[in-house]
Amino acid sequence: MVKLLLLMLEASLVSLRIFFLTLLFALPLGLLVARGRMSANKVVSSVVNIYIMIMRGTPLILQLIFVYFAPYYIFGASSGRFTAVIIAYVINYAAYFAEIYRGGIQSISPGQWEAAHVLGFSRSHTYFFIILPQVIRRIIPAMGNEVITLVKDTALAQTIGVAELFRVAQNAAAREFSTMPIFIAGVFYFVMNAVVSRTFDVIEKRLDYYS
Amino acid sequence: MEVLRIEQVRKSFGELEVLKGISVSQNSGEVLSVIGPSGSGKSTLLRCITNLEKIDSGLIQIAGRTLAEGNPATYAPAATLQEIRLSIGLVFQNFNLFPHFSVLRNITEAQVHVLKRSKEEARERSYALLKKMGLEEKAKSYPCQLSGGQQQRVSIARSLALSPALLCFDEPTSALDPELTGDILSVIKELAQEHMTMLVVTHEMSFARDISDRVIFMDEGKVIEQGTPEELFSATREQRTRQFLQRFNA
Ligand SMILES: Nc1ncnc2c1ncn2[C@@H]1O[C@H](COP(=O)(O)OP(=O)(O)OP(=O)(O)O)[C@@H](O)[C@H]1O
Ligand SMILES: [Mg+2]
């Protein structure tokens with residue numbers, strides 16, 4: 001039993017790595033994608049829009065398989081499994097995050113940009129210190145939902161053979177003819193998401209000092 | 001000294017021509033009011049002066065620098081645009097304070113990050129302005145905790161902090177409850193007595209009459225008539241101005 005728990009703990013570290021690496025890259029990338037989506041340049045905005053539609057319109061599991069196997073067929077070589085997982089998750093989640101950012105940015109009154117412009121702020125100061133903090137506050141609830149989904153989506157990484165938590169749990173269950181490992185994995189995910197929820201609640205409260 | 005010079009400014013939104021050859025000039029220390037019916041292009045004129053909208057043709061000069069000139073209008077290079085931006089302030093109808101900044105930071109932010117003043121200097125100046133606005137004790141509050149009148153006073157302080165050569169107001173009292181408008185009007189009046197150069201778009205006729213050195217009446221994208229308050233309100237020359245003013249006297 002101890003050995004099983006240790007094994008699963010180790011596997012959950014793989015899941016956590018997927019989780020954090022995806023956030024690390026997808027959160028800023030999403031911002032970039034959102035900017036592209038809102039670009040005045042029609043070509044840029046439609047290309048980005050097509051990308052977002054594909055990412056949101058096809059299953060993540062399919063994208064995962066595509067990212068892992070396509071380079072193999074095209075170049076005759078493939079990136080590592082773990083790298084493929086991170087790439088697939090990042091480009092998928094960046095699309096979802098981008099749409100959330102976009103909604104948030106568009107909900108800020110144009111008067112905020114105009115006031116900043118008249119006061120002489122640079123575009124980047126306006127964006128990072130005046131607009132973005134207000135956007136973040138507004139999108140925290142939607143982001144929370146998305147991040148909780150990400151925790152659960154890490155289980156899909158096993159599709160291309162990454163030994164994350166759920167894969168290890170299934171293997172152990174098959175080996176020991178017991179559903180116990182699956183149950184333990186469920187507890188792991190539940191605890192991870194409880195932490196995520198709590199974190200978002202705290203952030204939401206922290207930012208709740210104005211209306 | 002001439003602070004503002006506008007010649008033959010034209011501006012269309014698509015098919016709709018909103019400014020049809022506007023010419024106005026304003027000297028340092030002068031208080032100008034712009035009155036006119038809704039849709040006559042008053043806000044658009046202010047937005048063109050503050051470079052929130054681009055003109056199609058004509059000339060705009062602010063504090064001796066040319067913002068835009070020609071037909072079609074060409075705009076000054078970015079460095080000049082920035083200098084011009086700093087010499088002009090705009091107070092919005094709905095304040096547009098930054099809600100996530102305290103009152104104090106709303107006023108210091110541009111001093112520190114645009115004018116590169118030291119934090120201490122910016123705070124000192126902000127407190128002096130807040131005191132002037134009667135809001136010293138609100139420095140640590142957030143805009144949402146203030147009344148509309150207080151918010152508008154903060155936004156005036158925010159503009160004044162940058163010592164603009166020209167301060168524009170777009171209906172500064174229109175979003176306020178009637179009992180709060182007096183507050184703002186007396187602040188502007190006080191600034192007028194200090195010879196702050198101001199361009200005020202307003203629907204408050206008695207106020208315009210009271211504080212202005214010159215009043216401009218606009219209708220359908222044109223300056224119909226301008227003159228001292230005496231001339232415009234008591235010795236009105238144009239029929240259209242008279243019709244407009246009658247609605248306020250009724
Ligand atoms: N961004 C825009 N796009 C299209 N039309 C616009 C735009 N801004 C203003 N207009 C039009 O230009 C005309 C003049 O508008 P403007 O806001 O300058 O009038 P105003 O004199 O300030 O009126 P009010 O007293 O109601 O504030 C109006 O017909 C308005 O609908
Ligand atoms: Mg207006």
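Is A:S45 buried or exposed? A:S45 is buried, with a relative accessible area of 13%, where buried means under 20% relative accessible area, exposed over 50% and partly exposed in between (1.4 Å probe, protein chains only). The model is predicted: local features need pLDDT of at least 70, side-chain atom pairs count only at pLDDT 80 or more, and totals for chains, interfaces and linings use all residues. Residues are numbered from 1 along each chain as its sequence is written, chains are lettered from A and ligands numbered from 1 in the order in which they are written, and side-chain values use heavy atoms, with hydrogens and water left out.

The residue A:S45 belongs to helix α2 (residues 42-57) of chain A. Helices (H or I, at least four residues) and strands (E, at least two) are DSSP runs, numbered from the N terminus. A polar atom of the A:S45 side chain lies 3.2 Å from the backbone oxygen of A:K42. Such a polar contact is a pair of N or O atoms within 3.5 Å; within protein, one must be able to donate a hydrogen and the other to accept it, and residues adjacent in sequence count only if both atoms are side-chain atoms. Apart from its neighbours within four places in sequence, A:S45 is in contact with A:G36, A:R37 and A:S39, contact meaning heavy atoms within 4.5 Å.

Chain B holds the surroundings of ligand 1. Its shell has 13 residues, the closest being B:S38, B:G39, B:K42, B:S43 and B:T44; a residue is near a molecule or strand if one of its heavy atoms lies within 4 Å of it. An oxygen atom of ligand 1 is 2.5 Å from an N or O atom in the side chain of B:S38, and an oxygen atom of the ligand is 2.7 Å from an N or O atom in the side chain of B:K42. Two or more residues of the shell are given by each of β2 (16-27) and α1 (42-49) of chain B, and the largest share, three residues, comes from α1(B).

Strand β4 (residues 57-62) of chain B is largely enclosed by the rest of the structure, because five of its six residues are buried. Strand β1 (residues 2-13) of chain B runs antiparallel to β4(B), joined by five bridges, and B:E7 stands opposite B:L59. Two strands pair if DSSP finds at least two bridges between them. β4(B) also pairs with β5(B) in the antiparallel sense over five bridges, with B:R65 as the bridge partner of B:I62. These two strands form a hairpin with two residues between them, and B:A63 in the turn has a positive phi of about 50°.

Most residues other than glycine have a negative phi, and most peptide bonds are trans. B:N96, which is not a glycine, has a positive phi of about 55°; this residue lies in the loop between β7 (88-91) and α3 (103-113) of chain B and is buried at 6% relative accessibility. B:E171 has a positive phi of about 45°, sits in the loop between β8 (166-170) and α6 (178-193) of chain B and is buried at 11%. Finally, a cis peptide bond with omega about 0° joins B:N71 and B:P72.
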